[in-house]
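Good morning, and thank you for coming.

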Amino acid sequence: MATPRIRNPMLRAIYEHNTNERFQRSCLHKFYDINKWYSCDLAKLPQWLSTQFVQCSLDQGTELFLDQCYEKSGWFLTQAWHSVAKGFLTYVMSPTSANGLLRRGSMFVFSRDQFIRLLGVSETWRGNRVMDLGAGDGEVTKEMEAFFEEVYTTEVSWPMQWRLSGRGYKVLPTEEWSHVKSGHTYDVIGCLNLLDRCDRPLTLLADMRASLSQSGVVIVAVVLPFKQYVETGTHGNRPSEVIEVKGKHWEEQVQRLVEEVFHPAGYQVRSFSRVPYLCEGDATTPFYLLDDALFVLEAKQDAVAEDS
């Protein structure tokens, strides 16, 4: 069916939104195979890694986030204001900071139930401290906060720092969060879609391992294919420490990431999964989607012995 020619920008946005929403909702629940969001061909992995896979699915928490995306996408006056304001703001600040000021573009990586499943704990499990590095507006952090006495975060964007403080989270400077600087150890450290966006990812991996409590774990989410881009860097958006993750398919990239990045950094995989990395959209597209590999990592025992 031909698309009607609508000259009025507002009416055109409303038409595109309604068309895309109907299409996305029908694809989401009828035609699109949502299992692909969470699927892993275990036959393509070695047994030592395939046995650590945890199958996730479209659960109530994920559905709730998607419903919110559809609702916000229909706020046409708000979306129009965001479109204009972000265009001006990004001349003087990063897109992340602009989103923080406008309270838009929230992310979703995992739900509370998926967090429990990945860690292999019960709903009554509790820890002392959690650190969420590069926490953004805290929407992902809130899925973890109920399990910990203290919630710590870092964020380079000052508008996002305001958002985190407003939620009651303790915001530490990005260079002073580690055990060496702060004296804190953490039961869980979140590094969610940060390795490909920070300047020194290998140094970050080392700092996280050194900052874990005795039974602590690191939760790492990585978009695959892996492409590094430093939003606030000084080398033309290139990182100081380069990581290359090769592979023809998702499973091979996961294996390369584990063998060539995590193992040399002193980690072993406790569990991993495949999940969609979702982001709130705009008036024409309710949400955006990337492909995440989600790992729960613990320090290798030989690495712990060497450190001690």
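In which sense do β1 and strand β7 pair, and over how many bridges? β1 and β7 (residues 267-280) pair in the antiparallel sense, over 2 bridges. A word on the basis of this: the model is predicted, so that local features need pLDDT of at least 70 and side-chain atom pairs count only at pLDDT 80 or more, while totals for chains, interfaces and linings use all residues. Residues are numbered from 1 along each chain as its sequence is written, and side-chain values use heavy atoms, with hydrogens and water left out. Helices (H or I, at least four residues) and strands (E, at least two) are DSSP runs, numbered from the N terminus. Two strands pair if DSSP finds at least two bridges between them.

Now the whole sheet. It is open, with 8 strands in the order β1-β7-β8-β6-β5-β2-β3-β4, and its pairing is mixed. β1 (107-108) and β4 (170-171) stand at the edges with a single partner strand each, so one side of each has no neighbour in the sheet.

Within β1, Met-107 stands opposite Cys-279 in β7. Helix α10 (residues 201-210) packs on the sheet, touching β2 (127-133), β5 (186-192), β6 (212-223), β7 and β8 (287-299). The direction of α10 makes about 150° with that of β6; such angles run from 0 to 180 degrees between N-to-C directions, the axes being lines fitted to C-alpha atoms, for helices over the stretch in contact. Helix α11 (residues 250-262) also packs on the sheet, touching β6, β7 and β8, and its direction makes about 40° with that of β8.

Let us return to Met-107. At 31% relative accessibility, this residue counts as partly exposed; buried means under 20% relative accessible area, exposed over 50%, and partly exposed in between (1.4 Å probe, protein chains only). Leaving aside neighbours within four places in sequence, Met-107 is in contact (heavy atoms within 4.5 Å) with residues including Phe-65, Glu-139 and Tyr-277. Met-107 and Glu-139 are 32 residues apart in sequence, yet 6.6 Å apart in space, C-alpha to C-alpha.

What of the interior? A nonpolar core here is a set of buried Ala, Val, Leu, Ile, Met, Phe, Trp, Tyr and Cys residues joined through side-chain atoms within 4.5 Å. The largest has 39 residues, of which Met-208, Phe-262, Phe-272 and Phe-295 touch the most other members. β2, β5, α10, β6, α11, β7 and β8 each supply at least two residues of this core, and α11 gives the most, with 6 residues. Apart from this core lies another, of 37 residues, among them Cys-56, Phe-110, Val-140 and Val-188. The buried residues of α11 pack against α3 (47-50), α10, β6, β7 and β8.

Two loops deserve a mention. The peptide bond from Leu-224 to Pro-225 is cis, with omega near 0°, and Pro-225 lies in the loop between β6 and α11. In the loop between β5 and α10, Asn-193 has a positive phi, near 55°, in a residue other than glycine. Asn-193 is buried, at a relative accessible area of 10%.

Finally, the cysteines. A search of the whole structure finds 0 disulfides, a disulfide being a pair of cysteine sulfur atoms within 2.5 Å. For Cys-69, the nearest cysteine sulfur, that of Cys-279, is 7.7 Å away; Cys-69 is buried, at 2% relative accessibility. The sulfur of Cys-198 is 6.6 Å from the closest cysteine sulfur, in Cys-191, which is too far for a bond.
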